[in-house]
Amino acid sequence: MANFSKQPDEGFYAGLRPESVAVLEGRPTGGGSPLNTPINVASNFRAGEATAGLQHATTRVYSRADGTESWAAFEAAVGRLEGGDAVSFSSGMAAVSAVFAGLQPGSVVIIPDDCYQGVAMVAADGEQRLGWKVLRLRTAETGAWLNQMESADLVWIESPSNPLLEVANVPVICQAASSAGVVSAVDNTFATPLLQRPLDHGATFSVHSATKFIGGHADLLSGVVVSRDRQALDSVRLRRTLGGATPGALESFLALRGLRTLPIRLERSQQTALELAIRLREHRIVTRVRYPGLPEHPGHDLAASVMNGPGSVLSFETVGSAVSTDVRISRLRLITSATSLGGVETTIERRNRLPGQERIPPTLMRLSVGIEHIEDLWDDLNQALDGVV
Ligand SMILES: Cc1ncc(COP(=O)(O)O)c(C=O)c1O
(Lines give C-alpha, C1' and ligand atoms only; values in the text may rest on other atoms or scores of the structure.)
Protein backbone atom coordinates (compact mmCIF):
# COMPACT_ATOMS: atom_id res chain seq x y z
CA MET A 1 0.00 0.00 0.00
CA ALA A 2 1.23 3.50 -0.78
CA ASN A 3 2.83 5.32 2.12
CA PHE A 4 1.06 8.71 2.05
CA SER A 5 2.90 10.21 4.95
CA LYS A 6 6.50 9.36 4.11
CA GLN A 7 8.42 12.62 3.76
CA PRO A 8 11.88 13.43 2.40
CA ASP A 9 14.48 13.67 5.15
CA GLU A 10 15.59 17.07 6.40
CA GLY A 11 18.74 17.07 4.27
CA PHE A 12 16.62 17.13 1.14
CA TYR A 13 15.58 20.73 1.83
CA ALA A 14 19.01 22.03 2.81
CA GLY A 15 19.85 24.95 0.56
CA LEU A 16 16.58 24.82 -1.37
CA ARG A 17 15.14 28.22 -2.16
CA PRO A 18 11.61 29.22 -1.01
CA GLU A 19 10.25 28.94 -4.56
CA SER A 20 11.21 25.26 -4.56
CA VAL A 21 10.13 24.61 -0.98
CA ALA A 22 6.67 26.03 -1.78
CA VAL A 23 6.32 23.48 -4.55
CA LEU A 24 7.90 20.47 -2.88
CA GLU A 25 7.05 20.41 0.84
CA GLY A 26 3.92 18.66 2.12
CA ARG A 27 3.75 15.92 -0.51
CA PRO A 28 3.61 12.19 -0.01
CA THR A 29 6.68 10.52 -1.45
CA GLY A 30 6.10 6.78 -1.07
CA GLY A 31 5.99 4.76 -4.29
CA GLY A 32 2.49 4.68 -5.73
CA SER A 33 1.31 7.59 -3.59
CA PRO A 34 -0.51 10.53 -5.19
CA LEU A 35 1.54 13.67 -5.85
CA ASN A 36 -0.73 15.70 -3.57
CA THR A 37 -1.75 14.80 -0.04
CA PRO A 38 -5.40 13.81 -0.53
CA ILE A 39 -8.28 15.68 1.07
CA ASN A 40 -8.57 13.76 4.29
CA VAL A 41 -12.03 14.28 5.75
CA ALA A 42 -11.56 12.04 8.77
CA SER A 43 -12.79 13.00 12.23
CA ASN A 44 -12.33 9.57 13.77
CA PHE A 45 -9.40 7.16 13.50
CA ARG A 46 -9.31 3.44 14.02
CA ALA A 47 -7.61 2.56 17.29
CA GLY A 48 -4.30 0.78 16.82
CA GLU A 49 -2.53 -1.72 19.02
CA ALA A 50 -2.63 -0.64 22.64
CA THR A 51 0.79 -0.36 24.26
CA ALA A 52 1.15 -0.89 28.00
CA GLY A 53 0.21 2.22 29.94
CA LEU A 54 0.12 4.58 26.93
CA GLN A 55 -2.61 3.70 24.51
CA HIS A 56 -2.31 4.72 20.85
CA ALA A 57 0.17 7.43 21.80
CA THR A 58 1.79 7.65 18.40
CA THR A 59 -1.29 7.44 16.19
CA ARG A 60 -4.13 9.84 15.44
CA VAL A 61 -7.21 9.26 17.57
CA TYR A 62 -9.55 12.19 16.87
CA SER A 63 -8.86 14.94 14.38
CA ARG A 64 -9.80 17.95 16.53
CA ALA A 65 -6.91 17.06 18.81
CA ASP A 66 -4.55 15.19 16.51
CA GLY A 67 -5.09 16.81 13.13
CA THR A 68 -5.34 15.16 9.75
CA GLU A 69 -2.91 14.53 6.93
CA SER A 70 -4.42 17.45 5.00
CA TRP A 71 -3.62 19.84 7.86
CA ALA A 72 -0.19 18.31 8.40
CA ALA A 73 0.83 18.78 4.76
CA PHE A 74 -0.17 22.46 4.76
CA GLU A 75 1.46 23.06 8.14
CA ALA A 76 4.68 21.39 7.02
CA ALA A 77 4.93 23.69 3.98
CA VAL A 78 4.15 26.96 5.81
CA GLY A 79 6.35 25.95 8.74
CA ARG A 80 9.33 25.25 6.52
CA LEU A 81 8.92 28.53 4.63
CA GLU A 82 8.75 30.50 7.89
CA GLY A 83 11.51 28.51 9.56
CA GLY A 84 9.40 27.08 12.39
CA ASP A 85 6.55 24.72 13.18
CA ALA A 86 3.04 25.66 12.13
CA VAL A 87 -0.41 25.14 13.61
CA SER A 88 -3.29 25.86 11.24
CA PHE A 89 -6.74 27.21 12.08
CA SER A 90 -10.16 27.71 10.57
CA SER A 91 -9.44 31.40 9.86
CA GLY A 92 -6.90 34.13 10.40
CA MET A 93 -8.94 35.44 13.33
CA ALA A 94 -8.94 31.99 14.94
CA ALA A 95 -5.14 32.04 14.70
CA VAL A 96 -5.00 35.58 16.12
CA SER A 97 -7.37 34.69 18.97
CA ALA A 98 -5.34 31.60 19.89
CA VAL A 99 -2.28 33.80 20.49
CA PHE A 100 -4.20 36.39 22.54
CA ALA A 101 -5.91 33.62 24.51
CA GLY A 102 -2.60 32.92 26.24
CA LEU A 103 -2.88 36.22 28.12
CA GLN A 104 -3.93 36.38 31.77
CA PRO A 105 -6.39 38.96 33.18
CA GLY A 106 -4.61 42.26 33.75
CA SER A 107 -1.97 41.65 31.08
CA VAL A 108 -0.29 44.50 29.23
CA VAL A 109 -0.58 44.31 25.45
CA ILE A 110 1.01 46.54 22.83
CA ILE A 111 -0.71 46.73 19.44
CA PRO A 112 -0.31 49.09 16.48
CA ASP A 113 -2.82 51.94 16.49
CA ASP A 114 -3.69 51.11 12.86
CA CYS A 115 -3.72 47.31 13.04
CA TYR A 116 -6.23 45.08 11.32
CA GLN A 117 -9.62 45.84 12.80
CA GLY A 118 -10.30 42.30 14.00
CA VAL A 119 -7.12 42.32 16.07
CA ALA A 120 -8.04 45.73 17.50
CA MET A 121 -11.41 44.26 18.50
CA VAL A 122 -9.81 41.27 20.25
CA ALA A 123 -7.62 43.67 22.23
CA ALA A 124 -10.57 45.93 23.10
CA ASP A 125 -12.58 42.90 24.19
CA GLY A 126 -9.77 41.82 26.54
CA GLU A 127 -9.56 45.37 27.83
CA GLN A 128 -13.24 45.35 28.77
CA ARG A 129 -13.68 41.80 30.02
CA LEU A 130 -10.26 40.88 31.40
CA GLY A 131 -8.79 44.21 32.42
CA TRP A 132 -5.95 44.09 29.91
CA LYS A 133 -4.02 47.30 29.60
CA VAL A 134 -3.82 47.91 25.85
CA LEU A 135 -1.22 50.34 24.54
CA ARG A 136 -1.89 51.47 20.98
CA LEU A 137 1.29 52.75 19.37
CA ARG A 138 2.24 54.04 15.92
CA THR A 139 3.76 51.19 13.94
CA ALA A 140 6.65 53.29 12.69
CA GLU A 141 7.58 54.83 16.07
CA THR A 142 9.99 52.14 17.20
CA GLY A 143 11.23 54.13 20.21
CA ALA A 144 7.75 54.19 21.74
CA TRP A 145 7.57 50.39 21.50
CA LEU A 146 10.96 50.00 23.14
CA ASN A 147 10.01 52.38 25.95
CA GLN A 148 6.99 50.25 26.87
CA MET A 149 8.65 46.88 26.40
CA GLU A 150 9.54 46.11 30.02
CA SER A 151 5.94 46.37 31.17
CA ALA A 152 4.45 44.30 28.33
CA ASP A 153 3.22 40.71 28.27
CA LEU A 154 2.51 40.60 24.52
CA VAL A 155 3.77 42.76 21.70
CA TRP A 156 1.66 42.48 18.53
CA ILE A 157 3.18 43.86 15.34
CA GLU A 158 1.59 44.07 11.90
CA SER A 159 3.94 44.93 9.06
CA PRO A 160 3.20 46.25 6.52
CA SER A 161 0.04 47.39 8.25
CA ASN A 162 -3.51 47.22 6.94
CA PRO A 163 -4.51 49.61 5.36
CA LEU A 164 -1.95 52.38 6.01
CA LEU A 165 1.05 50.32 4.84
CA GLU A 166 3.27 51.43 7.71
CA VAL A 167 6.44 49.42 8.20
CA ALA A 168 7.54 48.24 11.65
CA ASN A 169 11.11 47.69 12.71
CA VAL A 170 10.45 43.99 13.20
CA PRO A 171 14.06 43.01 14.09
CA VAL A 172 14.57 45.74 16.70
CA ILE A 173 11.17 45.31 18.36
CA CYS A 174 11.27 41.51 18.38
CA GLN A 175 14.82 41.36 19.68
CA ALA A 176 13.97 43.82 22.44
CA ALA A 177 10.92 41.71 23.32
CA SER A 178 13.01 38.56 23.36
CA SER A 179 15.64 40.16 25.65
CA ALA A 180 12.89 41.34 28.00
CA GLY A 181 11.20 37.92 28.03
CA VAL A 182 8.11 39.35 26.33
CA VAL A 183 6.08 37.30 23.85
CA SER A 184 6.08 38.91 20.40
CA ALA A 185 3.81 38.13 17.47
CA VAL A 186 4.00 39.49 13.93
CA ASP A 187 0.96 39.48 11.66
CA ASN A 188 2.78 38.51 8.49
CA THR A 189 -0.31 38.39 6.28
CA PHE A 190 0.70 41.20 3.92
CA ALA A 191 4.34 40.16 3.67
CA THR A 192 3.80 36.38 3.40
CA PRO A 193 6.61 34.00 4.41
CA LEU A 194 8.36 34.84 1.15
CA LEU A 195 8.89 38.52 1.87
CA GLN A 196 9.47 38.45 5.62
CA ARG A 197 10.46 35.78 8.15
CA PRO A 198 9.72 37.23 11.60
CA LEU A 199 11.05 34.19 13.47
CA ASP A 200 14.52 34.93 12.06
CA HIS A 201 14.29 38.28 13.87
CA GLY A 202 13.38 36.74 17.21
CA ALA A 203 9.57 36.85 17.06
CA THR A 204 7.84 34.23 19.18
CA PHE A 205 5.03 33.88 16.64
CA SER A 206 4.44 34.65 12.99
CA VAL A 207 0.71 34.75 12.29
CA HIS A 208 -1.15 34.64 8.97
CA SER A 209 -4.57 35.04 7.59
CA ALA A 210 -3.94 32.36 4.95
CA THR A 211 -7.29 33.46 3.54
CA LYS A 212 -5.32 36.17 1.74
CA PHE A 213 -2.08 35.70 -0.21
CA ILE A 214 -1.30 32.13 0.85
CA GLY A 215 -4.66 30.80 -0.35
CA GLY A 216 -4.62 33.39 -3.10
CA HIS A 217 -7.96 32.67 -4.78
CA ALA A 218 -10.64 34.13 -2.47
CA ASP A 219 -12.15 30.69 -2.02
CA LEU A 220 -11.26 29.71 1.55
CA LEU A 221 -10.79 30.88 5.14
CA SER A 222 -7.63 29.73 6.87
CA GLY A 223 -5.12 30.89 9.47
CA VAL A 224 -1.70 29.80 10.67
CA VAL A 225 0.53 30.41 13.69
CA VAL A 226 4.21 29.54 13.30
CA SER A 227 6.83 29.40 16.04
CA ARG A 228 10.18 27.94 17.06
CA ASP A 229 9.17 27.97 20.72
CA ARG A 230 7.72 24.53 21.37
CA GLN A 231 6.03 25.49 24.64
CA ALA A 232 4.44 28.61 23.13
CA LEU A 233 3.21 26.63 20.14
CA ASP A 234 1.84 23.84 22.34
CA SER A 235 -0.24 26.43 24.16
CA VAL A 236 -1.57 27.76 20.82
CA ARG A 237 -2.35 24.21 19.68
CA LEU A 238 -4.22 23.61 22.93
CA ARG A 239 -6.36 26.68 22.20
CA ARG A 240 -7.26 25.11 18.86
CA THR A 241 -8.10 21.79 20.46
CA LEU A 242 -10.21 23.35 23.21
CA GLY A 243 -11.74 26.12 21.11
CA GLY A 244 -12.37 23.79 18.20
CA ALA A 245 -11.28 26.36 15.58
CA THR A 246 -9.93 23.59 13.41
CA PRO A 247 -9.30 23.93 9.68
CA GLY A 248 -11.44 22.08 7.18
CA ALA A 249 -9.78 19.37 5.10
CA LEU A 250 -10.82 20.98 1.81
CA GLU A 251 -9.58 24.37 2.97
CA SER A 252 -6.22 22.89 3.98
CA PHE A 253 -5.91 21.23 0.60
CA LEU A 254 -6.79 24.45 -1.23
CA ALA A 255 -4.52 26.55 0.99
CA LEU A 256 -1.59 24.27 0.19
CA ARG A 257 -2.47 24.32 -3.50
CA GLY A 258 -2.52 28.11 -3.31
CA LEU A 259 0.84 28.15 -1.57
CA ARG A 260 2.42 26.21 -4.44
CA THR A 261 2.00 29.23 -6.74
CA LEU A 262 2.51 31.98 -4.15
CA PRO A 263 6.07 32.80 -5.31
CA ILE A 264 5.06 33.33 -8.91
CA ARG A 265 1.80 35.14 -8.08
CA LEU A 266 3.61 37.44 -5.70
CA GLU A 267 6.40 38.19 -8.12
CA ARG A 268 3.88 39.28 -10.72
CA SER A 269 1.51 41.19 -8.46
CA GLN A 270 4.33 42.96 -6.66
CA GLN A 271 5.86 44.10 -9.93
CA THR A 272 2.48 45.45 -11.04
CA ALA A 273 1.85 47.09 -7.65
CA LEU A 274 5.12 49.03 -7.91
CA GLU A 275 4.34 50.21 -11.42
CA LEU A 276 0.79 51.22 -10.47
CA ALA A 277 2.10 53.08 -7.42
CA ILE A 278 4.49 55.05 -9.64
CA ARG A 279 1.75 55.87 -12.15
CA LEU A 280 -0.83 56.74 -9.49
CA ARG A 281 1.66 59.09 -7.85
CA GLU A 282 1.69 61.11 -11.09
CA HIS A 283 -2.09 61.06 -11.59
CA ARG A 284 -3.61 64.54 -11.46
CA ILE A 285 -6.29 63.72 -8.86
CA VAL A 286 -4.16 61.51 -6.60
CA THR A 287 -2.90 63.31 -3.51
CA ARG A 288 -1.00 60.53 -1.77
CA VAL A 289 0.18 57.00 -2.48
CA ARG A 290 1.21 54.72 0.38
CA TYR A 291 3.43 51.87 -0.79
CA PRO A 292 6.69 50.78 0.86
CA GLY A 293 8.17 50.17 -2.59
CA LEU A 294 8.21 53.92 -3.34
CA PRO A 295 11.49 55.60 -2.29
CA GLU A 296 9.62 58.47 -0.60
CA HIS A 297 7.66 56.10 1.66
CA PRO A 298 8.89 56.68 5.24
CA GLY A 299 9.35 52.93 5.72
CA HIS A 300 11.03 52.31 2.35
CA ASP A 301 14.60 51.83 3.60
CA LEU A 302 13.48 49.72 6.54
CA ALA A 303 11.33 47.54 4.29
CA ALA A 304 14.24 47.20 1.87
CA SER A 305 16.50 45.96 4.67
CA VAL A 306 14.03 43.66 6.45
CA MET A 307 11.81 42.40 3.64
CA ASN A 308 12.50 40.69 0.34
CA GLY A 309 10.03 42.99 -1.38
CA PRO A 310 7.35 45.61 -0.61
CA GLY A 311 4.36 43.37 -1.33
CA SER A 312 1.28 43.73 -3.49
CA VAL A 313 -0.96 46.05 -1.49
CA LEU A 314 -0.98 49.82 -1.80
CA SER A 315 -3.31 52.57 -0.63
CA PHE A 316 -3.95 55.91 -2.26
CA GLU A 317 -5.95 59.05 -1.62
CA THR A 318 -7.49 61.49 -4.06
CA VAL A 319 -9.04 64.91 -4.19
CA GLY A 320 -12.77 64.86 -3.48
CA SER A 321 -14.94 63.30 -0.85
CA ALA A 322 -16.08 59.90 0.38
CA VAL A 323 -19.05 60.20 -1.98
CA SER A 324 -16.99 60.98 -5.07
CA THR A 325 -14.61 58.14 -4.15
CA ASP A 326 -17.53 55.72 -3.97
CA VAL A 327 -18.67 56.94 -7.40
CA ARG A 328 -15.15 56.35 -8.79
CA ILE A 329 -15.08 52.84 -7.35
CA SER A 330 -18.50 52.11 -8.83
CA ARG A 331 -17.12 53.02 -12.28
CA LEU A 332 -14.46 50.31 -12.16
CA ARG A 333 -15.17 47.47 -14.58
CA LEU A 334 -12.28 45.09 -14.11
CA ILE A 335 -11.14 45.82 -10.57
CA THR A 336 -13.56 44.37 -8.04
CA SER A 337 -14.85 46.36 -5.11
CA ALA A 338 -14.49 43.88 -2.25
CA THR A 339 -13.19 43.82 1.29
CA SER A 340 -10.75 40.94 1.21
CA LEU A 341 -7.38 40.90 -0.48
CA GLY A 342 -4.45 38.79 -1.61
CA GLY A 343 -6.20 36.99 -4.46
CA VAL A 344 -5.29 36.61 -8.12
CA GLU A 345 -7.97 39.23 -8.83
CA THR A 346 -7.34 42.90 -8.07
CA THR A 347 -9.67 44.25 -5.39
CA ILE A 348 -10.25 47.75 -4.08
CA GLU A 349 -11.93 49.11 -0.98
CA ARG A 350 -12.57 52.51 0.54
CA ARG A 351 -11.71 51.45 4.06
CA ASN A 352 -13.27 54.40 5.84
CA ARG A 353 -16.72 53.10 4.82
CA LEU A 354 -16.38 50.34 7.45
CA PRO A 355 -17.48 50.82 11.07
CA GLY A 356 -14.46 51.36 13.32
CA GLN A 357 -12.33 52.73 10.46
CA GLU A 358 -13.20 56.39 10.97
CA ARG A 359 -9.51 57.27 11.48
CA ILE A 360 -8.72 56.23 7.92
CA PRO A 361 -8.80 59.20 5.48
CA PRO A 362 -12.22 59.23 3.75
CA THR A 363 -10.91 58.94 0.19
CA LEU A 364 -8.28 56.27 0.99
CA MET A 365 -8.63 53.32 -1.35
CA ARG A 366 -6.73 50.13 -0.58
CA LEU A 367 -5.75 48.27 -3.70
CA SER A 368 -4.79 44.62 -3.51
CA VAL A 369 -3.06 44.02 -6.80
CA GLY A 370 -3.67 40.73 -8.56
CA ILE A 371 -2.11 39.12 -11.58
CA GLU A 372 -4.09 40.68 -14.44
CA HIS A 373 -2.23 42.55 -17.17
CA ILE A 374 -0.98 45.86 -15.87
CA GLU A 375 -2.25 47.89 -18.83
CA ASP A 376 -5.78 46.57 -18.34
CA LEU A 377 -5.62 47.50 -14.66
CA TRP A 378 -4.24 50.94 -15.46
CA ASP A 379 -6.87 51.61 -18.13
CA ASP A 380 -9.57 50.64 -15.66
CA LEU A 381 -8.19 52.84 -12.88
CA ASN A 382 -7.75 55.76 -15.26
CA GLN A 383 -11.26 55.66 -16.66
CA ALA A 384 -12.70 55.42 -13.15
CA LEU A 385 -10.58 58.19 -11.65
CA ASP A 386 -11.09 60.59 -14.54
CA GLY A 387 -14.36 62.32 -15.15
CA VAL A 388 -15.76 62.45 -11.60
CA VAL A 389 -15.69 65.80 -9.84
C1 LIG B 1 -3.72 41.66 8.35
C2 LIG B 1 -4.86 40.73 8.66
N3 LIG B 1 -4.76 39.91 9.72
C4 LIG B 1 -5.76 39.06 10.04
C5 LIG B 1 -6.94 39.01 9.30
C6 LIG B 1 -8.05 38.07 9.70
O7 LIG B 1 -8.09 36.98 8.84
P8 LIG B 1 -9.42 36.12 8.49
O9 LIG B 1 -10.34 37.04 7.74
O10 LIG B 1 -8.88 35.00 7.67
O11 LIG B 1 -10.02 35.66 9.76
C12 LIG B 1 -7.08 39.86 8.20
C13 LIG B 1 -8.32 39.83 7.40
O14 LIG B 1 -8.58 40.72 6.61
C15 LIG B 1 -6.01 40.74 7.87
O16 LIG B 1 -6.08 41.58 6.82
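**Exercise 1. Alanine 218.** Decide whether alanine 218 is buried, partly exposed or exposed, then describe its place and its backbone.

*Solution.* Step 1: apply the cut-offs, by which a residue is buried if 20 or more other C-beta atoms lie within 10 Å of its own, exposed if 12 or fewer, and partly exposed in between, with C-beta atoms placed from the backbone. Alanine 218 has 18 other C-beta atoms within 10 Å, so it is partly exposed. Step 2: locate the residue. Alanine 218 belongs to the loop between β8 (205–209) and β9 (223–227); helices (H or I, at least four residues) and strands (E, at least two) are DSSP runs, numbered from the N terminus. Step 3: read the backbone angle. Phi of alanine 218 is positive, about 55 degrees, although the residue is not a glycine.

Two remarks apply to every exercise. This is a predicted model, in which local features need pLDDT of at least 70 and side-chain atom pairs count only at pLDDT 80 or more, while totals for chains, interfaces and linings use all residues. Residues are numbered from 1 along each chain as its sequence is written.

**Exercise 2. Threonine 192.** State which helix holds threonine 192, and whether the residue is buried or exposed.

*Solution.* Step 1: threonine 192 is part of helix α8 (residues 192–195). Step 2: its phi is near 70 degrees, a positive value in a residue other than glycine. Step 3: there are 29 other C-beta atoms within 10 Å, so threonine 192 is buried.

**Exercise 3. Cis peptide bonds.** Identify the residues joined by a cis peptide bond in the loop that holds proline 160.

*Solution.* Step 1: serine 159 and proline 160 are joined by a cis peptide bond with omega about -10 degrees. Step 2: proline 160 lies in the loop between β6 (154–158) and α7 (170–179). Step 3: the peptide bond from asparagine 162 to proline 163 is also cis, and its omega is near 5 degrees. Proline 163 likewise lies in the loop between β6 and α7.

**Exercise 4. The ligand shell.** Determine how many residues surround the ligand and which helix gives the most to this shell.

*Solution.* Step 1: a residue is near a molecule if its C-beta atom, placed from the backbone, lies within 6 Å of it. The ligand is surrounded by 14 residues, the closest being Ser91, Gly92, Met93, Ser209 and Thr211. Step 2: helix α4 (residues 92–100) gives the most, with three residues. Step 3: sort the shell by type, where Ala, Val, Leu, Ile, Met, Phe, Trp, Tyr, Cys and Pro count as nonpolar, Asp, Glu, Lys and Arg as charged, and the others, Gly among them, as polar. The shell holds four nonpolar, eight polar and two charged residues.

**Exercise 5. Packing of α4 and α5.** Describe how α4 packs against helix α5 (residues 117–130).

*Solution.* Step 1: two packed helices are described by the angle between their axes and the distance between the axes. Axes are lines fitted to C-alpha atoms, for helices over the stretch in contact, and angles run from 0 to 180 degrees between N-to-C directions. Step 2: the axes of α4 and α5 are 10 Å apart, at an angle of about 35 degrees. Step 3: Met93, Val96, Ser97 and Phe100 of α4 meet Gly118, Val119, Val122 and Gly126 of α5. By type, this contact comprises five nonpolar, three polar and no charged residues. Met93 is also among the closest residues to the ligand.

**Exercise 6. The whole chain.** State how many helices and strands the chain has.

*Solution.* Step 1: the chain contains 14 helices and 14 strands. Step 2: of its 389 residues, 47% are buried.

Note on methods
Contact = placed C-beta atoms within 7 Å.
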